[in-house]
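User: I would like to go through this structure step by step. Could we begin with how its strands are paired?

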Amino acid sequence: MTSIPVKDRVKVSQNWRLGRCREGILLKWRCSQMPWMQLEGASLYISQANFILAYQFRPDGASLNRRPFRVFAGHDEDVCHFVLANSHIVSAGGDGKIGVHKLHSTFTVKYSAHEQEVNCVDCKGGIIVSGSRDRTAKVWPLASGRLGQCLHTIQTEDRVWSIAISPILSSFVTGTACCGHFSPLRIWDLNSGQLITHLGSDFPPGAGVLDVMYESPSTLLSCGYDTYVRYWDLRTSARKCVMEWEEPHDSTLYCLQTDGNHLLATGSSYYGVVRLWDRRQRACLHAFPLTSTPLSSPVYCLRFTTRHLYAALSYNLHILDFQNP
């Protein structure tokens with residue numbers, strides 16, 4: 001927040017704490033989508049069908065230029081997930097392929113990665129990991145001369161919904177459907193592909209993990225079908241989380257984001273509900289329903305900056321503006 005004057009910092013901070021914001025819609029599309037998005041500087045990248053569109057923010061951060069400045073194509077079916085890494089976009093497609101696009105050139109490569117749709121992908125330190133409905137997770141190199149050469153194939157015995165690489169590049173975590181295997185959260189060695197440990201115990205069948213993210217090499221957050229956000233600290237115990245927050249309306253949690261401090265934001269499965277949490281408290285701080293009954297939609301993806309929160313739903317990209325409520 002160093003670029004923001006102190007007076008404005010206090011005002012914006014109070015707005016987040018009190019839930020004061022102005023709601024708006026940045027983008028609309030005619031057909032129902034399952035969009036994913038990423039922020040990079042003054043740009044927003046969002047998937048629509050089998051394309052990834054790149055938009056430039058206007059200076060206020062609360063609006064976008066009408067036309068995308070780049071369109072990344074290559075998949076034959078919808079883009080399920082993508083990440084930005086090393087000046088590349090790495091995308092996972094419903095066609096079972098992984099796409100690699102350079103951000104600042106026309107270089108695009110796609111290769112067959114799985115037998116069914118690739119639900120999730122992550123990329124750090126020149127390594128790509130992917131998870132699929134075909135009950136496997138795979139490790140791939142990002143190096144241009146080795147694209148498509150699988151380093152490890154891991155049989156997860158379950159559909160893989162989410163995946164994340166540790167910040168120190170030693171391991172990665174998979175979030176699975178919790179139907180074919182008793183644990184939906186497992187950590188694997190990135191170099192050997194061997195199982196290191198599984199997190200938690202006594203998960204009910206179907207308690208799949210839809211989003212997972214590392215905060216540090218030893219701490220991570222997860223959420224999914226069992227309506228809980230869980231905070232794990234591998235230094236204390238892999239079998240029990242150190243903190244958990246329950247979605248009060250018993251809704252599936254599709255996505256989460258954190259500022260690395262006390263703020264946690266989650267996206268629910270009904271009525272486009274975005275919730276803000278103070279991680280020092282059990283109860284939700286604020287809830288923002290972004291759709292009404294006829295157009296109930298999950299929040300498929302959310303991201304936030306110091307001043308704004310962006311939420312991608314079936315038909316719209318919504319913004320919550322905490323700078324000018």
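User: Which residue stands opposite Asp233 in β20?
Analyst: Thr219 stands opposite Asp233 in β20. This is a predicted model, in which local features need pLDDT of at least 70 and side-chain atom pairs count only at pLDDT 80 or more, while totals for chains, interfaces and linings use all residues. Residues are numbered from 1 along each chain as its sequence is written, and side-chain values use heavy atoms, with hydrogens and water left out.

User: How many bridges are there between β19 and β20?
Analyst: Strand β19 (residues 219-224) pairs with β20 over five bridges, in the antiparallel sense. Two strands pair if DSSP finds at least two bridges between them. Strands are DSSP runs (E, at least two residues), numbered from the N terminus. The hairpin of β19 and β20 has three residues between the strands, and Thr227 takes a positive phi near 75° there.

User: Which residue stands opposite Tyr228 in β21?
Analyst: That residue is Glu246. β20 and strand β21 (residues 243-246) run antiparallel and are joined by four bridges.

User: Why is β20 described as largely enclosed?
Analyst: Five of the six residues of β20 (residues 228-233) are buried, so the strand is largely enclosed by the rest of the structure. Buried means under 20% relative accessible area, found with a 1.4 Å probe on protein chains only.

User: Which residues are closest to the centre of the largest cavity?
Analyst: Of the 13 residues that line the largest cavity, Phe203, Val209, Ser222, Asp226 and Arg230 are the closest to its centre. β19 and β20 are the elements that give two or more residues to this lining.

User: And how much space lies in the largest pocket?
Analyst: The largest pocket holds about 1000 Å³ of space. A pocket is an open set of grid points with protein on both sides within 12 Å along at least five of seven lines. Its lining has 38 residues, and the closest to the centre are Trp36, Cys80, His81, Leu210 and Asp211. The largest share of the lining, six residues, comes from β10.

User: Turning to the nonpolar core, which residues touch the most other members?
Analyst: In the largest nonpolar core, which has 25 residues, these are Leu27, Met37, Tyr45, Ile46, Leu64 and Leu317. Such a core is a set of buried Ala, Val, Leu, Ile, Met, Phe, Trp, Tyr and Cys residues joined through side-chain atoms within 4.5 Å. The largest share of this core, four residues, comes from β4. A second, separate core of 17 residues includes Leu290, Leu313, Leu320 and Phe322.

Technical notes. Buried < 20%, exposed > 50% of the residue type's maximum accessible area, 1.4 Å probe, protein only. 1 Å grid on protein atoms, 1.4 Å probe; cavity = no way out; pocket = protein on both sides within 12 Å on 5 of 7 lines; lining within 4 Å. Points joined across faces, edges and corners; volume = space filled by probe spheres on them.
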